[in-house]
Amino acid sequence: MNRFEDRIILVTGAGSGIGQATVERLLAEGGQVLALDVSEAGLKVTEERAREAGAADRLTLITADISDEAAVQDKIGGTIAKAGRLDVLVNAAGILRSEHTHKTSLEFWNRVLAINLTGTFLVTRECLPLLLASGRGVVVNFSSTSASFAHPYMAAYAASKGGIQSFTHTIASEYAKQGLRAVAVAPGSIASGMTNTPGIPADADFSLFAKMSPAIGEGFANPSSVAGVIAMLASDDGAFVTGTELRIDGGTHM
Ligand SMILES: NC(=O)c1ccc[n+]([C@@H]2O[C@H](COP(=O)([O-])OP(=O)(O)OC[C@H]3O[C@@H](n4cnc5c(N)ncnc54)[C@H](O)[C@@H]3O)[C@@H](O)[C@H]2O)c1
């Protein structure tokens, strides 16, 4: 399939996990990908994989922190202006931090919201003019099953992901007449940098996680299982999907 042969896509969080797998998938389907991450080392791995796949000539790397307004304007704004077009934005960058809510500091809360929610807003705002100019722009945002299914110790993270769902619905409505689609994915139990070190408090009550296992497969799934769904949603195969979210959790929360 070459569903992205004539498309330019920006993927954030492209240096690890689901974002990295999405870059690989979209390159494999012919896309031109702008891969952003705060981790230069992560992006080097992404670049190496693209080289092995013979697709490095269609990959551009951007090192930036999505919670830094000036960096977003300068680095993302500069790169997409140079590209002259943008068809798809995949907002995968994010962090997971866990803590008892009564021990959560304001600094901790603000950091999670700043990256996950405000970062998604900043990158989207920067990209919207070109996505609208494309006439078939798509935004794929990253919510999480934690937004709707009460995951303990993740109040800040879950709130940020709930905010992303609401944000997605709003822009889907606001720009629908200009051809923009906006969808959110809500993954769960995907093996990645984030879930390898979730930082659950040492004194957590693990019985609260009893209902958080996938019904299919063997434990945590490969990030490519989310990347394939993103490719569908961002391509013309997803042309009638907007203003909604898709849960990708192996039936954990059915
Ligand atoms: N893995 C899961 O089960 C799961 C479940 C629900 C939602 N998600 C969401 O999926 C998305 C991808 O996460 P993942 O699981 O691949 O984790 P990951 O940790 O492997 O990847 C996240 C990437 O985001 C980057 N990043 C973090 N802060 C950044 C910043 N300020 N600016 C730019 N880049 C930054 C990291 O460097 C990393 O490369 C996240 O939004 C996450 O919340 C994942």
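**Reading a pocket and a sheet**

Modeller: The lining of the largest pocket has 23 nonpolar, 22 polar and five charged residues. Here Ala, Val, Leu, Ile, Met, Phe, Trp, Tyr, Cys and Pro are nonpolar, Asp, Glu, Lys and Arg are charged, and the others, including Gly, are polar. This is a predicted model, in which local features need pLDDT of at least 70 and side-chain atom pairs need 80 or more, while totals for chains, interfaces and linings use all residues. Residues are numbered from 1 along each chain as its sequence is written, and side-chain values use heavy atoms, without hydrogens and water.

Biologist: How is a pocket defined, and how many residues line the largest pocket?

Modeller: On a 1 Å grid over the protein atoms alone, a pocket is an open set of points with protein on both sides within 12 Å along at least five of seven lines, whereas a cavity is a set where a 1.4 Å probe fits but cannot get out; lining residues have an atom within 4 Å of a point. In this model 50 residues line the largest pocket, and L96, Y157, S192, M194 and T195 lie nearest its centre. The space in the largest pocket is about 1,100 Å³, the volume being that filled by probe spheres set on points joined across faces, edges and corners.

Biologist: Which elements give two or more residues to the lining of the largest pocket?

Modeller: They are α1, β2, α4, α5 (155-174) and α6 (193-196). Helices (H or I, at least four residues) and strands (E, at least two) are DSSP runs, numbered from the N terminus.

Biologist: What is the strand order of the open sheet, and is the pairing parallel or antiparallel?

Modeller: Strands of a sheet pair through backbone hydrogen bonds, in a parallel or an antiparallel sense. Two strands count as paired if DSSP finds at least two bridges between them. The open sheet here has seven strands in the order β3-β2-β1-β4-β5-β6-β7, with parallel pairing. The edges are β3 (59-63) and β7 (244-248); each has a single partner strand, so one side of each lacks a neighbour in the sheet. On average, neighbouring strands of this sheet are turned by 15° against each other, direction ignored.

Biologist: Which helices pack on the sheet?

Modeller: Helix α1 (residues 17-28) does, touching β1 (8-12), β2, β3, β4 (88-91), β5 (138-142) and β6 (181-187), and its direction makes about 165° with that of β1. Helix α4 (residues 106-134) also packs there, touching β1, β4 and β5, and its direction makes about 175° with that of β4. Contact means heavy atoms within 4.5 Å; axes are lines fitted to C-alpha atoms, for helices over the stretch in contact, and angles run from 0 to 180 degrees between N-to-C directions.

Biologist: How many bridges join β4 to β5?

Modeller: Four, and the two strands run parallel. β4 also pairs with β1 in the parallel sense, over four bridges. L89 of β4 stands opposite L10, and its bridge partner in β5 is V139. V139 in turn stands opposite A182 in β6, and five bridges join β5 to β6.

Biologist: Which residues of β4 and β6 lie on each face?

Modeller: In a regular strand the side chains alternate between the two faces of the sheet. In β4, V88 and V90 are on one side and L89 and N91 on the other, all buried. Buried means under 20% relative accessible area, exposed over 50%, and partly exposed in between (1.4 Å probe, protein chains only). From β6, R181, V183, V185 and P187 point one way and A182, A184 and A186 the other. Seven of the seven residues of β6 are buried, so β6 is largely enclosed by the rest of the structure.

Biologist: Is G17 buried or exposed?

Modeller: G17, in helix α1, is buried at 15% relative accessible area. Leaving aside neighbours within four places in sequence, G17 is in contact with S192 and P223. By contrast, P129 in helix α4 is exposed at 54% relative accessibility.

Biologist: What is phi of Y153 and of S189?

Modeller: Most residues other than glycine have a negative phi. Phi of Y153 is near 70°, a positive value; Y153 is in the loop between β5 and α5 and is buried at 12%. Phi of S189 is near 60°, again positive; S189 is in the loop between β6 and α6 and is buried at 16%.
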